[in-house]
Amino acid sequence: MRRIAIEEAFVTQAIADQWKVILDAGAVGEPGFRKMGETILADSPGTRRIHERLIDLGEGRLEDMDATGVDMHVISLTSPGVQVFDGELAAELARDANDHLADAVRAQPSRFAGLAAVAPQLPEVAAQELQRAITQLGLCGVIINSHTKGEYLDAPRFRPILEAAESLRAPIYLHPRTPAPSMIEPYLDYGLYFAGWGFAVETSLHAMRLIMSGVFDRFPELRIILGHMGEGLPFWLDRIDNRYLLQVKIGAVDEMKRLPSEYFRSNFVITTAGMTYAAPLSLSLEMLGSEKILFAADYPYEDMAEAVEFMNTVDVSDEVRRRIYHENAEALFGIPAAA
Ligand code: MN
């Protein structure tokens, strides 16, 4: 069975270098990124090993994929990407990363596909870069690492990005990062800002802002991808609906055309990235159906072998397994079915 993993990370040396520059200069107005930088950018055997794998868009990555039976990586710029830089620098580094990723995809078209990076700081520039990445570079979607300097994509100024993503049929992978400065404070203790909890809170909030702001009435064909089994949202959908209905009744929110869960079901898909447990998968299958769940490993942060072992053996029909492993990804990204 073909295996396509769709939340697989890379970085360019230029971007990793610039993260260090702004952290060393104390020029990051984001406590979350500062805190994360202390560990992930520190020099240790573990971080060096991850960095080597992030940089590798060639033999090393292919060997890891072969060793675990993963046929294809849909590769994207690792979090927080260029979203921590000032606009001009961010746009330049995103363009450069897209060129680099596109070269790797062209060299290995049956093994790699790629999502574009953009600098949301400059929405018009980001929309143009997305257009270039899809129509000229052959990339198949876009990654947004949640908030950009504390702002979320429902803000009117980001409209050009959503417009471009919809018209180019480029799904947006809404990927986690540390919570925005406005809510980071209580997450700074006990490691709560990190991937075990803060990332999911940040990203599910972002998704809920898109839903509750009516973005999908304006952009009904926009597709959003959430990792980590939907960042918890499949678990909450029914309660979100019934409290929304109450809140409409008491005048706490404006009524939308559809229920929150209806937007979630029509405009979102989710991935198994970093989730190798049967219960959340089974709940997600029940809430969303097997057409809405895609395989991902979150390389090189998570163990690809464990992700494959889980998906090979979890108790679902082979029809469902095929959808999750490759058919849904082929349909979403326009990846040709394997010969
Ligand atoms: Mn990831």
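Tyrosine 193 is buried, because its relative accessibility is 7%; buried means under 20% relative accessible area, exposed over 50% and partly exposed in between, with a 1.4 Å probe and protein chains only. Phenylalanine 194 counts as partly exposed at 25% relative accessibility. The model is predicted, so local features need pLDDT of at least 70 and side-chain atom pairs count only at pLDDT 80 or more, while totals for chains, interfaces and linings use all residues. Residues are numbered from 1 along each chain as its sequence is written, and side-chain values use heavy atoms, with hydrogens and water left out.

The structure holds 8 aromatic pairs. Rings of Phe, Tyr and Trp (its six-membered ring) pair if their centres lie within 6.5 Å; planes under 30 degrees apart count as stacked, over 60 as edge-to-face and the rest as tilted. The pair of tyrosine 193 and phenylalanine 194 is tilted, because the ring centres are 5.3 Å apart and the planes stand at 40°. The pair of phenylalanine 216 and phenylalanine 268 is edge-to-face, because the centres are 5.4 Å apart and the planes stand at 70°. Phenylalanine 216 lies in helix α9 (residues 215-218) and phenylalanine 268 in strand β8 (residues 268-271), so this pair ties together parts that are 52 residues apart in sequence. Helices (H or I, at least four residues) and strands (E, at least two) are DSSP runs, numbered from the N terminus. Phenylalanine 216 is buried at 2% relative accessibility, and phenylalanine 268 is buried at 2%. Ring pairs link Phe216 and Phe268 with Tyr263 and Phe264 into a cluster.

The manganese ion is coordinated by Glu7 (OE), His175 (NE2) and Asp298 (OD), at 2.0 to 2.3 Å. Donors are N, O and S atoms within 2.8 Å of the metal (3.2 Å for Na, K and Ca); water is not among the atoms, so sites may look incomplete. Glutamate 7 belongs to strand β1 (residues 4-10), and aspartate 298 to the loop between β9 (293-294) and α14 (304-313), 291 residues apart. Glutamate 7 is buried, with a relative accessibility of 1%, and aspartate 298 is buried at 8%.

Glu7, His175 and Asp298 are also among the residues that line the largest cavity. A cavity is a set of points, on a 1 Å grid over the protein atoms alone, where a 1.4 Å probe fits but cannot get out; lining residues have an atom within 4 Å of a point. Strand β1 gives the largest share of this lining, 3 residues.

Note on methods:
1 Å grid on protein atoms, 1.4 Å probe; cavity = no way out; pocket = protein on both sides within 12 Å on 5 of 7 lines; lining within 4 Å.
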